[in-house]
Amino acid sequence: MKFALAWFAIALSVSLAPAAPADTYLAWTVEPTTAKAPEGQGTRLAASDWQPLAAAEPLAPYAEMTSGVRAADGSLWIGTPRGLMYLAAGAPRWRLFHSRCWLPDDRIERVSVVAGSATMPWDLYVQTAQGAVRLAQRPTSLADKMARYLEQLRKHHVREGLITEIVLSEPGNLASSAVQPDNDNDGLWTSLYVAAESYRFATTGDPDARRNAQQSLAALMRLESITGIPGFAARSFVPISIDKSHGPGEWHRSADGHYWWKGDTSSDELDGHYYAYAIYHDLVADAQERQQIAGVVGRITDHILDHGYYYVGPPGKPTTWGVWAPEKLNRDLEWIGDRGLNSLEILSHLKVAEHVTGKARYTDAARELAEKHAYDINTVEQKVIWPPEAVNHSDDELAFISYHPLLMYERDERLRHIYMTSLRRSWQIERPEESPLFNYIYAAARQANRWTDPLKRPDKAILEPAAYDGEACLRWFQEIPENLFNWSVENSQRRDLGNVARNRFDEPRSLQVLPISERRLMRWNGDPYSLDSGGDGRVREDGTFILLPYWMGRYHRFLE
């Protein structure tokens with residue numbers, strides 16, 4: 001089997017303060033090799049040596065050993081039929097290297113500790129059923145790591161300004177042919193990229209960041225103009241040469257006949273649009289661009305208000321999920337699960353529209369929704385936690401990108417108290433996931449209690465890192481792999497996870513979130529508790545889900 005593996009890294013636990021992302025740290029690198037694993041150093045373990053260790057605390061993920069070595073520093077490297085286990089001396093848990101993200105094959109045949117480099121006294125050779133790799137520690141920095149993500153994104157993931165995943169002809173091989181298919185959420189994913197590059201420009205002044213953000217902002221604006229319906233944005237668009245006449249999905253020809261555009265646009269898409277327009281407006285836009293943003297935001301918001309808080313597409317009826325109307329959210333039991341989130345969404349959208357246009361219509365509409373329909377109170381329990389099958393992690397992303405502009409702009413003390421109560425509850429529920437995006441949005445909102453000018457970058461971080469789990473954010477950035485392919489991952493058979501539950505798709509999920517290096521990679525709409533995933537390495541994520549929180553953290557001085 002051909003084993004294509006790009007260079008990538010993962011950090012060990014290191015003692016770095018959240019204020020120093022550019023400092024060099026030691027990261028695990030994986031380098032394919034044709035060399036057979038040598039005898040190496042350290043003490044080779046026999047089955048009789050491993051049995052008491054497998055039963056001891058901390059509990060190893062797997063009990064079966066195919067090859068094992070105790071290094072001179074006391075650390076243990078144990079090969080199994082399901083991956084490579086590592087326990088540093090004195091560590092509270094085992095680290096698991098597994099899946100094609102790390103290894104040619106999870107079936108480990110031999111592990112050897114060999115002489116290393118100046119940065120590490122030893123390296124590791126791992127022989128698997130499908131080839132060998134060398135694991136080593138090498139110095140890197142978050143700045144360099146983020147630059148590599150961005151370079152690959154710009155090279156492979158841009159389609160007429162839209163940003164999304166790609167599908168390759170050969171697993172894990174970026175040099176093979178690739179396509180970038182349309183996606184229902186092209187507008188949402190592109191919006192998050194606009195925000196990421198806006199933060200990068202506002203932090204560094206790099207003109208490339210501005211150009212990148214401008215290009216993708218233009219794609220967002222095109223999603224609205226291409227439909228020919230003022231204020232109605234498409235989900236996506238593709239050239240007319242790609243036949244969409246038979247779907248799937250609701251496709252329409254553009255007026256000029258050169259494109260297909262996709263309808264039945266959801267609230268998810270508009271959450272992204274408003275978020276991107278707000279951040280670009282505040283951090284990047286010149287006077288002319290602010291006028292353009294005010295125009296498109298005004299048209300979208302007027303469309304919603306003119307249609308009674310529904311998003312109405314070409315058939316002349318509301319889209320499936322474009323619903324914010326009081327008679328639905330407050331009085332229709334079929335919408336009770338969406339009441340909190342959709343109330344939050346429309347209040348946020350109206351606040352953005354008020355901010356960028358200055359029109360009283362949006363201020364008045366938000367006031368009516370709060371005073372007459374209790375939409376402000378609805379937001380407090382936007383995060384649904386029961387029953388378990390109703391827990392929707394996709395909604396978490398939508399909620400947090402709606403919280404952010406709302407709490408950057410809202411200055412009414414009573415409303416701000418309610419919205420902060422809502423955000424604090426949501427953040428506490430999400431906190432075990434250690435999401436840097438959710439943590440930084442929560443921190444920015446708290447910081448905005450005192451730093452009240454959203455058009456200016458704070459001189460320094462006002463919050464202590466402990467207030468938003470800053471150490472966990474830094475660790476996440478260090479541990480996230482650079483290999484962004486969708487390799488298959490299996491964790492449900494591990495011994496060290498305790499009870500295993502089921503998610504809303506009836507898939508196995510843990511009661512604790514595994515480190516980002518040991519589970520499947522996903523955008524912020526995925527379930528981080530999920531244990532298993534399919535994937536053959538042909539789909540590659542664009543990396544925006546990493547770049548956005550990184551540059552947001554840098555901008556707000558959480559990562560200095």
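Tutor: Two strands are said to pair if DSSP finds at least two bridges between them. Keep in mind throughout that this is a predicted model. With that rule in hand, look at strand E4 and strand E5 (residues 76-80), which run antiparallel and are joined by four bridges. Within this pair, Val-69 stands opposite Trp-77 in E5. E4 and E5 form a hairpin with five residues between the strands, and in this hairpin Gly-74 takes a positive phi near 95 degrees. E4, which spans residues 67-70, is also joined by two bridges to strand E3 (residues 43-44), and these two strands run antiparallel.

The same way of reading carries over to the sheets elsewhere in the chain. One of them is an open sheet of three strands in the order E15-E17-E16, with antiparallel pairing. Its edge strands are E15 (237-239) and E16 (251-253), each of which pairs on one side only. Neighbouring strands of this sheet are turned by 30 degrees against each other on average, if direction is ignored. E15 is held to strand E17 (residues 259-262) by three bridges, and the partner of Val-238 across this pairing is Trp-260 in E17.

Another open sheet is built from four strands, which follow the order E14-E13-E23-E20 and pair in an antiparallel way. Strand E14 (178-179) and strand E20 (485-490) stand at its edges, and because each has a single partner strand, one side of each is left without a neighbour in the sheet. E20 and strand E23 (residues 532-540) run antiparallel and are joined by four bridges, and in E23 the bridge partner of Trp-487 is Asp-536.

Side chains of opposite charge can pair when their charged atoms come close. The structure holds 36 salt bridges, and one of them is made by the side chains of Asp-123 and Arg-138, at 3.6 Å from N to O. Asp-123 lies in strand E9 (residues 122-128) and Arg-138 in strand E10 (residues 131-140), so this pair ties together parts that are 15 residues apart in sequence.

Helices call for another kind of description. Two packed helices are described by the angle between their axes and the distance between the axes. Helix H3 (residues 186-204) packs against helix H5 (residues 267-283) at an angle of about 20 degrees, with the axes 8 Å apart. Because of that angle, H3 is roughly parallel to H5, and H3 passes H5 in a left-handed crossing. Among the residues that make the contact are Leu-188, Leu-192 and Phe-201 of H3, together with His-273, Tyr-275 and Ile-279 of H5. Sorted by class, the residues of this contact divide into 12 nonpolar, five polar and three charged.

Helix H6 (residues 287-306) and helix H8 (residues 339-357) pack at an angle of about 140 degrees, with their axes 9 Å apart. This angle makes H6 oblique to H8, and the crossing of H6 and H8 is left-handed. Their contact includes Val-297 and Ile-304 of H6, and Ile-346 and Leu-350 of H8. By class, the contact of H6 with H8 has eight nonpolar, three polar and no charged residues.

How values were computed:
Residues are numbered from 1 along each chain as its sequence is written. This is a predicted model: local features need pLDDT of at least 70, side-chain atom pairs count only at pLDDT 80 or more; totals for chains, interfaces and linings use all residues. Side-chain values use heavy atoms; hydrogens and water are left out. Axes are lines fitted to C-alpha atoms, for helices over the stretch in contact, and angles run from 0 to 180 degrees between N-to-C directions. Angles under 35 degrees count as roughly parallel, over 145 as roughly antiparallel, 65 to 115 as roughly perpendicular and the rest as oblique. A crossing is left-handed if the near helix is turned anticlockwise from the far one by less than a right angle, and right-handed if clockwise. Contact means heavy atoms within 4.5 Å. Ala, Val, Leu, Ile, Met, Phe, Trp, Tyr, Cys and Pro count as nonpolar, Asp, Glu, Lys and Arg as charged, and the others, Gly among them, as polar. A salt bridge is a side-chain nitrogen of Lys or Arg within 4 Å of a carboxyl oxygen of Asp or Glu.
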